[in-house]
Structure formats: structure tokens, C-alpha cells
Amino acid sequence: MSEISYFREAKNFVAKNTFNTYVSGIDVLQFLYEHAATGAMHDSDERYPPPLCHPGTREVVIVRIKDWYGFLTRPNKPIMWIHAPAGYGKTAIAGTISKWLEEVEGLDFSPLGATFYFWRTSPERNSPARFIITIAYQLAASIPELAPHIDSALKRNPMILRKALEVQLMKLIVEPFKALGELDDMPNRLIIVDGLDECINSDQECRVERRYAEDQEKAQIRILELIHTLQSHRLPLSFLILSRPEAWIKQHIQSPPFEPIVEEVDLYALGDHLEDTETYIRAELSRIAARVKVDGTVGQGEGEWPGEDVVTTFVKRTNGHMLYASTAIRHIDDAYGDPRTLLKNLVEFPSDANPDLAHSSPFSSLNELYLQIMRSCPESNRALMIQVLEDISACFEHFSPLIGFQQALDTLNHLAGRVPGQGYRAIRLLHPVLNISGRDPHATVLDPFVPFVHSSFPEFLLNSRLSLEFAIDQQKGTRRILSGCLDCMSKITLQSEMKGDADIFAMTRWPRLVGDLLSSGPLNFPYVDVMEKLLSIDLVACSIKAITSYDVDIMYRSFYVGDLYASFIRPFRNHRSFMSEPLAQRAVTHAVSSLENSLVHFLRQSPSEWPSQFPYSFAEFAGSCRGTEEGTWTIDNNHQVVKALRKLREEHPQYISDLIRRIGSWDFVGEFLCAFDCDYYEPSDSDPSSLSSDDDDIYMSD
């Protein structure tokens, strides 16, 4: 894992001279909302349209949930855990229950207390960090009498939002409930927690940079313990948890503290999955048949398409796996293809073609389908198709969802040296498994870029035993794109114009790509090529343009300086075998001095000229200079950045004040400035009331 950045979306904070914290001029519940993981709520824009069960499917488990949960009387076991492998519709079930609870009539209260949908590629939804805040906000909205007590707790101490989750739980949920007095007559509310296995990052500040974080087990167990604590206070709350049956989750839930309070439901063993998939398949094939009849794709004079025998074979082929069924339908429903041919190939593909897959897992049929979709691509394009998939797999986490699949692919094509449009043509037939069509209109800058329809597809590609000749090497993609980035950077000077998305990607993401290769092992790192290229590049110009490019929507938001230290400078300094080489020492020194020169460049400008990322870039630099012992620093008064700061304080002291105001309440920055006699506070800044509530959410001081 890369190291923690000191700033993640921090903004609008002001440093003061005393340690005092309070909320000024804003509604406290609105303040709570602004710190919640809003995308994790069942009705969020980020999740629109929310997955729901197809009408007439998953009825057995839905009835099971309804029978367990009581509106007015609490169930004997306050927790229900529904588990199944990926692709069995757990999230759709959670969405259907949420929708049902919202539409229940004849009640004078809202039975849906709160929801939290974890998602491994979303930085605000793949960690426990915002779990309690998000639940507390929704409870305040669904239980109006609870709101004043949560409001009071926050007004007494807004720093609750920075406390441990266990403290947040007591102050924002348990104590407000207890303040209501007698709870036995209060209606029971349901809290739905979906995708617990998608909670893979236990660190509040660090965005997950690989598909699976090392501490996922710790994060998931912590969520379970928080839920266990909540139920132990006998609040009028029940909990519906849905996840994959990961070994540590199963072991924890079946342990003595949990076993008496959890009703366990194995979705894989419950109900008639074959009947559910048949209902879905018949409805979807009828829709496709109606469409193609209009445009004449289905031949005239033939029997009714697709025919009962074909449907029966198709249903059997799914083995009750809804993800298989939905992926196959996407494959058949190709606007550029003949659905008759595609369906015919699907049902005639021999089920025993790959004996190893036939018994590998509940996904065997899905893996076979993935193979068939891959084999539907022309053989002449397959090598290029694999190359494009390697690049997407290696780099998709670096993109913003605001740009869409096509723009991201164009950027990768440019960096990989492919001609425009070549990459798209190579993967066009993979639309059943890739989100090729357009941009998500509901996406926000904080949402993840999601190129795959389901997480099982990249897992399939990365497992050579499953994907066979279509297996991808993600490190090849990283090396290829990093090489393209360095080639782009070699043409950059202070006077040169940015030529497009590829230049922005190259200058802002190269440290992270280097970090990805280092984390995969020294053997994957093209050491000599990268070091020699870096030494030939004007990294001062590249650093300046990288810091300036923060507001461009193509990239996922992160701080260039933090990435440079976390993914390149520190790992190399800590890697003895690399740092024993003169070439590596020169490259790291070149990167550090170039970064420092770029900061001096901005310190010579007025604040009106500073790009929005500069204050945070300076803070990342200050944090990197902290010594191993408290109050010590790794630089001295002769350092060029310190000299530039002192000159700035002498000539324009108000610029220092502006810098402090923009950076906010990060203690080490104030310590850094004080240590080198560079701090300055304008008198007017000492009064929080002089700043509007639109500018500042929290005022903190050191």
C-alpha cells in the first residue's frame, strides 16, 4: 500500500491560536449530511438507477426477510445475515427491500431507518470511516424525535466527527436514543448494510489503490463489531446484512457472541434460482424479439423466435445464476449483431468444453460465458484486445467518472501508442462485460470510474486458469502506460502548451504507476529505463503543470505531491537494493529538487495566481519534512523553500496568512512555519465571525 496523504479533499479550514472547535452559522444536521457517505444511501444519485429484483424473482428470500422483520414488534434475532457468492442478486434484494419499506402504506412512521451500500472502488464507500455518520444522519431523518438529541451532541462537540467510530456510535446514535426515555413502545426500524465484503480499507484517509486492500478483514470485522454494539443496547433497530460468505465474516458471525442474535440465510441454497432466471430470461427475450421484429432482424416465415427448446436450454445453462443470465442477455441484445446467431451460439456452446471450469466453483457457467464472449471477437483482434484490457485493468482507478469510458480509452490509446479508435474497435464486442456506452450522467467527481459491469470479470481475466488464452498481465499494462507517460513528459517545458488528456494523465499519475510496479515486486519494475527517462525530463515544468492541472476533470482527485512522496520518493528511499544504485539516487534527488523548485515558483506568485492544489501541495511538502522525533525537521534554514517563505513573509506577510487560511487546520503546517519563523496571522483572522459560514465549516486552532 502507498503511504497516507496528509490531505484528502480537505478545504475551507482556518488555523487559530487556541485549541477550540465549534460549528458556526450552519444547520448541524446539514453539517452531518456533508460529512456522510451520501453515495452509500439507497436512493443516492451515485447508485441511480438502483439494482432491483426483476418482478417475480427472488420471492422466497424476500418473503423470508419480511417474515423476520417486524414493524412494531422486534424479531427474536435482531440481525439477519444473507450471504451468497457474487452475482446472486444480493444488492438487488437489498434494493427491493428498501423500496418496499419506503412504499408501505398505513404506517405513521418510516420503517426504513438507514442504509449503507459498501462498494470497493468508491473511496467514501469502501471504508468504515463514514459508516456511523451516514447511519446517524439517516436515523435523524427517519426518526424526527431523534434529531434534536443528535443536534445537541454535535453542538456540544463537533469534533465527534473526527473521533473513533466507537465514540461516534455512542454519541450520535446510542445516547440520543437513550435520551428519548422508554424505547419499548417505539416502532422497530430496519438498517440495511449491503456488500460488507466490499469494505476493504480500514484507513480513513487512504484511498484504496489496489483492488483488494491488505486490511479488508480488519475493516469488515470492525463493522460487525459496531453493529453488535448497537444491538447490545436494545435499541428499536434491526439489521439486515448482505455479503459474500468470506471465511472471516462467517467465522465471526458464527462465534458465541453473534450466534444467538443472528439469523443466517444462505441465499445460494434458498429458493428456486432456476425458476427466477427463467422468469427473467423469458421477459428479456420477449423484449428483444419485439425489438428485432420491428427492424426485421428476425427472419420472416419462421417459427416464433426464439422457440421453447432454445429458451429451456438457455435457462438450464444459467444453472440459476442471475449474473450469468443478465450478462448473456446483454451479449444477445447487441444493436450491431444478429440476436438469433448470438443466442444460437450461446446454447450450442458445449458445456463440457472446459472440464477444469465445469467443477471449479459456482461461477463455472459464468466463466464459460465469459470465454464465449471473448471468443466472439475476431482472432485477428485478440492480441490487441488483451492489450487494451491490460491497460484498462491497470489504470481505471486513476480516472474520474465525469469523462466516460470513451475518453478514458482515448487517453490510454494515446499513451500506449495506438492509433485513434483502434482500442475501441478491439473491444467493441465486449459490451456485455464493459461499460462502454457513454458517461454516467449521475456521477460526481468523488465517484469511482467503473469500466467493468461486474467485479467477477476482471477477476476472471487475472486468473489464467479460468481465462486461459485470454488471461491478462496487469503489470504489462502498467509498464506500457508508464512508458507512454514518460515519453509525453519528455516533451514538456514551462513554455509548452498542454496537448490534451494524455499530457495531464502523464504528469499527474506517473508516480502512482511507479508505485504500482514497485508494490508488485522489483522484478516487475523496468528500473534502468524509468530512471534514465526521469533524469532526461524537465520535472520542474512537469511538477508545476501537474499541480496546476488538479481541477481538470479527467483525473480522479488526488494530490500530486502526496502521490510523489508516497508512491515514488519514500518507497525508493526505503528500498535498499534500489537506493544502493547511483542511478536511483540521482533520479530521486532529481524528483525532490524539481518538486521543491516548483513550490518556490508558486511562492513567488501572488495568491490570486496560485492554483487550487498549491496550498495542499505545500502542506504535503511540510508533512514530508517532519523528523522521526517530535518537533524535529529534515531540512534547515538554508533550504530553498524556507528561504522563499521567509522572503514572502518579509515582502508580503498577508500572503502567508492567505496560505494558512487556505490550508486549514493541519497542526504540522503551523509547526513547520513556526519552526522556521515563517508564520503570520492577520489580526482580522482571529475572529471566526469575520468569515462567512459559506467559506468555513469547522474552525480549528493549534
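Colleague: How many helices and strands are in the chain?
Modeller: There are 30 helices and 8 strands. Both are DSSP runs numbered from the N terminus: helices are H or I with at least four residues, strands E with at least two. This is a predicted model, where local features need pLDDT of at least 70, side-chain atom pairs count only at pLDDT 80 or more, and totals for chains, interfaces and linings use all residues. Residues are numbered from 1 along each chain as its sequence is written, and side-chain values use heavy atoms, with hydrogens and water left out.

Colleague: What share of the residues is buried?
Modeller: Of 702 residues, 56% count as buried. Buried means under 20% relative accessible area, exposed over 50%, partly exposed in between (1.4 Å probe, protein chains only).

Colleague: And what share of contacts is between residues 24 or more positions apart?
Modeller: They make up 78% of the contacts with a separation of 6 or more. A contact means heavy atoms within 4.5 Å.

Colleague: Switching to α10. Which residues are buried there?
Modeller: The helix covers residues 308-318, and V311, F314, V315, R317 and T318 are buried. Seen down the axis, the buried residues fall within an arc of 160°, so they line one face of α10. That arc is taken from the directions from the helix axis to the C-beta atoms.

Colleague: Which exposed residues sit on the face turned away?
Modeller: D309 and K316. Just after α10, N319 takes a positive phi of about 55°.

Colleague: Which residues does the cis bond with omega of about 10° join?
Modeller: W305 and P306. P306 lies in the loop between α9 (273-295) and α10. Another cis peptide bond joins Y48 and P49, with omega about -10°. P49 is in the loop between α1 (28-34) and α2 (59-68).

Colleague: Where is L468?
Modeller: In the loop between α19 (464-467) and α20 (474-489). L468 has a positive phi, near 55°, and is not a glycine.

Colleague: Is L468 buried or partly exposed?
Modeller: L468 is partly exposed, at 35% relative accessible area.

Colleague: Now cysteines. How many disulfides?
Modeller: The count is 0. A disulfide here is a pair of cysteine sulfur atoms within 2.5 Å.
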